[in-house]
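Welcome, and thank you for taking a look at this model. Please open the sequence and the 3D view side by side before reading on.

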Amino acid sequence: MLPAGLSFDQAPPIAVPFRFFLTAPLFLLAAAILLVAYGPEMLLSRHMPATLAATHLLTLGFTSMVMCGAMMQMLPVVAGAPVPAPRLVAWTVHLSLATGAAGVAASFLWGRPVLMHLGGGLAALGFGVFLAAAAWSLAHVRSRSPSVPAMGFSIASLAVTAALGLTLGIARQGGLDIPYVQFSLLHPMWGLYGWTALLVMGVAYQVVPMFQLTPNYPKAITTWLAGGLFLLLILRSAAEFTLLPPAVPGVALAAGAGVFAIATLRLQGRRKRKISDATLLFWRVGMGLLLAACLLWLAAALLPAEAAERARLLLGIAALPGFILAVINGMLYKIVPFLAWFHLQSRYVGKTAIPNMKQLQPDRPARGQMALYLAALALLAGAVFWPPLARLSGLLWLASALWLERNLLRALILYRRTVALATAKKSD
Amino acid sequence: MGERLLDVRELEPPEPLERVLELLDTLAAGDSLRMLHRRQPNLLYPILEREGFAHRTTATAEGDFEILIWRKQV
C-alpha cells in the first residue's frame with residue numbers, strides 16, 4: 001500500500017487530469033491538419049464547413065478538454081470541494097468529449113447528419129456529466145476564494161453554450177425550427193466569452209498572484225466583474241429577441257474584457273521577481289490578444305459591411321487561436337509539471353530523488369514552442385489579407401501542436417521513470 | 001534552542017514547499033523555524049501534522065503570513 005499522501009486528500013488521482021491534458025494537443029493537431037488540407041477557403045467565413053470543423057476541434061477537443069480536466073483538479077484543491085466519483089466522472093467526460101469532438105467535426109466536414117447526432121449527443125453527455133459533478137462540487141464549497149463565483153458563472157455559461165449547440169446541431173439537420181441566425185451568433189458568444197473567458201478570469205484571480213508573484217487583483221474586479229459580465233451576456237442575448245439595442249451590452253462586454261486584460265497586464269508589470277518563464281510570456285501575449293479582440297469587437301460594430309466581416313474574422317482569430325489558446329497553452333506548462341511534482345512529492349519523497357519543476361518542464365523547449373505558436377498565429381492573421389499564407393500557417397500549427405505534446409510527454413515520462421525508481425528501491 | 005528564518009515571499013510555487021521540507025529534516029528538538037510567506041501554505045499544514053511538527057500562523061501588517069514551526073515534544 002502507498003504511504004499517506006501530502007494530504008492532498010482532496011486531490012484526485014494523477015490519471016484524472018493527465019488524460020485530459022495529454023489528449024488535448026492531438027485535437028490541436030487535427031485542426032492544423034484541416035488548415036493544411038483546406039487552406040485559404042477556411043478564411044472566407046466562419047461558416048465554411050472546414051472552419052466549423054476546425055473550430056469545434058479546438059473548442060471541444062482542446063479548450064474544453066483542458067478546462068474540464070483542470071476544473072476537476074482545481075475544485076477540490078482551490079475551493080476545498082471534492083468532485084464526486086472522480087475516476088468515473090473523468091473517464092466518462094474524457095471519452096465523451098474526445099469522441100464528441102471528432103463526431104461533430106466530421107459531420108461539419110462531410111455533412112453527415114448521423115455523425116452530428118452521434119457527436120452532439122456524446123459531447124452533450126460529456127458536458128452533462130461534467131456539469132452535474134461541477135455543480136455538486138460547487139454546492140459543497142468551503143472556500144471563499146474569489147475564483148469560486150467566476151467558476152460558477154463559467155459553468156452556467158457552459159450549460160447555455162451546450163444547450164444552444166445541441167439545438168443548432170439538431171436544427172442543422174432540419175429536425176427543428178429555431179431562430180438559426182440568432183442562435184448561431186449566441187452559441188459562440190456564450191462558449192468563448194461565458195464558459196471560456198469567465199473561467200480564465202476565475203483561474204487568473206488565483207494563479208496570476210500565486211505563480212507569477214504579482215499583487216492580488218483589485219477587490220472591485222474579483223467581486224463584481226464575472227457576475228456583471230454574466231448579466232451582460234444575458235442582456236446581449238435578450239437583445240436578439242427584443243427591442244433592446246444590442247450595441248449597449250455589446251460595448252460593455254468588450255470593455256469588461258478589456259478591463260480584465262489591462263488589470264492583468266498591469267499586475268504582471270508589477271511583479272516582485274523579474275525572472276520570466278514560458279507560462280508568464282504566454283499569459284502576457286494572451287492578454288495582449290484579448291485586448292486586440294476587444295478593439296476588433298468594437299471595430300466590427302462600427303466599420304462598413306465588408307470591412308466589418310474582415311474584422312469579425314480577425315476577432316475570431318484573436319479570441320480563440322489567440323487569447324484562449326495562448327492562455328491554456330501557457331497554463332499547461334505550469335499545471336502538468338506541478339501535478340507530476342506534487343504526486344511524486346506526496347508519495348515517493350525519501351524513497352528516491354524527486355525531480356524539480358524545471359526538470360519536469362524545462363523552459364527552453366517551452367519557449368521554442370511558443371515562438372512557433374506566435375509565428376503560426378501571425379501567419380493565420382496575415383492569411384485574412386493574403387489567403388495563400390493559410391497552408392503555411394497550418395504547417396506551423398501542426399509543428400507547434402506536436403511540440404506541445406512532446407513537451408508535456410517529457411514530464412509524464414520523467415514522472416513514470418521516478419515512480420519506477422522509487423518502487424524498485426522499495427522492493428530491494 | 002535556536003530560531004531559523006526562511007523567507008519564501010519571492011519564490012514561485014512549489015519552491016516554498018520544497019525549501020521548507022528540506023529545512024524541516026534538519027530541525028532539532030527545541031529549535032524553531034520562522035517562515036515568511038505571501039499566502040497561507042495550505043499544502044504544508046497536513047505534512048507538518050503528519051511529521052510531528054506544531055505550527056502557529058499569524059498575519060503580518062504587510063499582508064504576509066508568518067508561520068512558526070517547531071517539533072512537538074514526545
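Predicted model: local features only at pLDDT ≥ 70, side-chain atom pairs only at ≥ 80, totals over all residues.

Residues are numbered from 1 along each chain as its sequence is written, and chains are lettered from A and ligands numbered from 1 in the order in which they are written.

Let us begin with chain A. Its domain assignment gives domain 1 (13-143) and domain 2 (147-166 + 176-211 + 214-272); such bounds come from an automatic or database domain assignment. The centres of these two domains of chain A, taken over C-alpha atoms, are separated by 19 Å. In chain A, 14 residues of domain 1 are in contact with 13 residues of domain 2, where contact means that the C-beta atoms, placed from the backbone, lie within 7 Å. On the domain 1 side that touches domain 2 of chain A, H4(A) gives the most, with seven residues. Helices here are DSSP runs (H or I, at least four residues), numbered from the N terminus. That side of domain 1 has ten nonpolar, four polar and no charged residues. For these classes, Ala, Val, Leu, Ile, Met, Phe, Trp, Tyr, Cys and Pro count as nonpolar, Asp, Glu, Lys and Arg as charged, and the others, Gly among them, as polar.

Next comes the interior. A nonpolar core is a set of buried Ala, Val, Leu, Ile, Met, Phe, Trp, Tyr and Cys residues joined through C-beta atoms within 7 Å, and buried means that 20 or more other C-beta atoms lie within 10 Å of a residue's own. The largest core has 149 residues, and those that touch the most other members include A:Phe27, A:Met201 and A:Ala293. Helix H10 (residues 305-348) of chain A provides the largest share of this core, 25 residues. Domain 1 and domain 2 of chain A both give residues to this core, so it lies between them. A second, separate core of nine residues includes B:Leu17 and B:Ile67.

Now find helix H3 (residues 86-110) of chain A, which has 25 residues. Just after H3(A), A:Gly111 takes a positive phi of about 60°.

Finally, which residues join the chains? Ten residues of chain B are in contact with 13 residues of chain A. Helix H2 (residues 44-51) of chain B gives the largest share of the chain B side, three residues.

Key: Contact = placed C-beta atoms within 7 Å. Helix = DSSP H or I, 4+ residues; strand = E, 2+ residues; numbered from the N terminus. Expected span 1.5 Å × (residues − 1). Buried ≥ 20, exposed ≤ 12 C-beta atoms within 10 Å, placed from the backbone.
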